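Here is a short briefing on one protein chain. Look at the structure first, then work through the points below.

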Amino acid sequence: MHRDGNLDEAEKCYRALLELDDRNANALHFLGVLLWRRDNAAGSLDLIHRSIAVDPMVSSWHNNLGNVLLSQGHYDQAAAAYTRCAELDPDNLEVLNNLGFDHNLYQYGGGPRVPLSDINGQGDFWKGAYWFRAYWGAFALMLLVAAHVL
């Protein structure tokens, strides 16, 4: 319901679950996200904090907490929430983006997507991909030399 945009029904379900179990981490969290989407950041923060207190190991919840905090202008707290998410799930591209590390130069072995066409192959796009491969190849070589020296 929530993903389908039926927020009223989803809210009723979350609240019904919380009447049965006021520590239901999923209901707490997703009701918090729903309230944030409805511009109720204060209520949202309380619920998301409560869900994280019940289950602190769900990385995406820390990312959502960071989004709510960022929307309220609490930049340092948002960065701390994003950092915690990245600690729990280092491969989470959404949180890397939120922290500003989404560029291919920050992601080891990253490179641009190169379109492939039946008519002209990779066209001129191969040049950019080549430079990224050269960049990461040079970095790998530096790591190899450093490992040998140490």
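This is a predicted model: local features need pLDDT of at least 70, side-chain atom pairs count only at pLDDT 80 or more; totals for chains, interfaces and linings use all residues.

**Helix α7**

- The buried residues of α7 are Ala129, Phe132 and Trp136.

**Salt bridges: the count**

- How many salt bridges does a search of the whole structure find? It finds five.
- Three of them are described below, starting with the pair Glu11 and Arg38.

**Glu11 and Arg38**

- The side chains of Glu11 and Arg38 form a salt bridge, at 2.4 Å from N to O.
- This pair links distant parts of the chain, 27 residues apart.
- Glu11 sits in helix α1 (residues 7-20).
- Arg38 sits in the loop between α2 (25-37) and α3 (41-54).
- Glu11 has a relative accessible area of 15%, so it is buried, because the cut-off for buried is under 20%.
- Arg38 is partly exposed, at 33% relative accessibility.

**Asp46 and Arg50**

- Asp46 and Arg50 also meet through their side chains in a salt bridge, at 3.9 Å from N to O.
- Both residues belong to helix α3, where they are four residues apart, so about one helical turn separates them.
- Asp46 is partly exposed, with a relative accessible area of 42%.
- Arg50 is partly exposed too, at 36% relative accessibility.

**Glu87 and Arg84**

- A salt bridge joins the side chains of Glu87 and Arg84, at 3.2 Å from N to O.
- These two are three residues apart in helix α5 (residues 75-88), so they are separated by about one helical turn.
- Is Glu87 buried or exposed? At 51% relative accessibility, Glu87 counts as exposed, because the cut-off for exposed is over 50%.
- Arg84 counts as partly exposed, at 29%.

**A network**

- Which residues do salt bridges with shared partners join into one network? They are Glu11, Arg15 and Arg38.

**Cysteines**

- A search of the whole structure for disulfides finds zero.
- Cys13 is partly exposed, with a relative accessible area of 30%.
- Cys85 is buried, with a relative accessible area of 0%.

Definitions and conventions:
Residues are numbered from 1 along each chain as its sequence is written. Side-chain values use heavy atoms; hydrogens and water are left out. A disulfide is a pair of cysteine sulfur atoms within 2.5 Å. Buried means under 20% relative accessible area, exposed over 50%, partly exposed in between (1.4 Å probe, protein chains only). A salt bridge is a side-chain nitrogen of Lys or Arg within 4 Å of a carboxyl oxygen of Asp or Glu.
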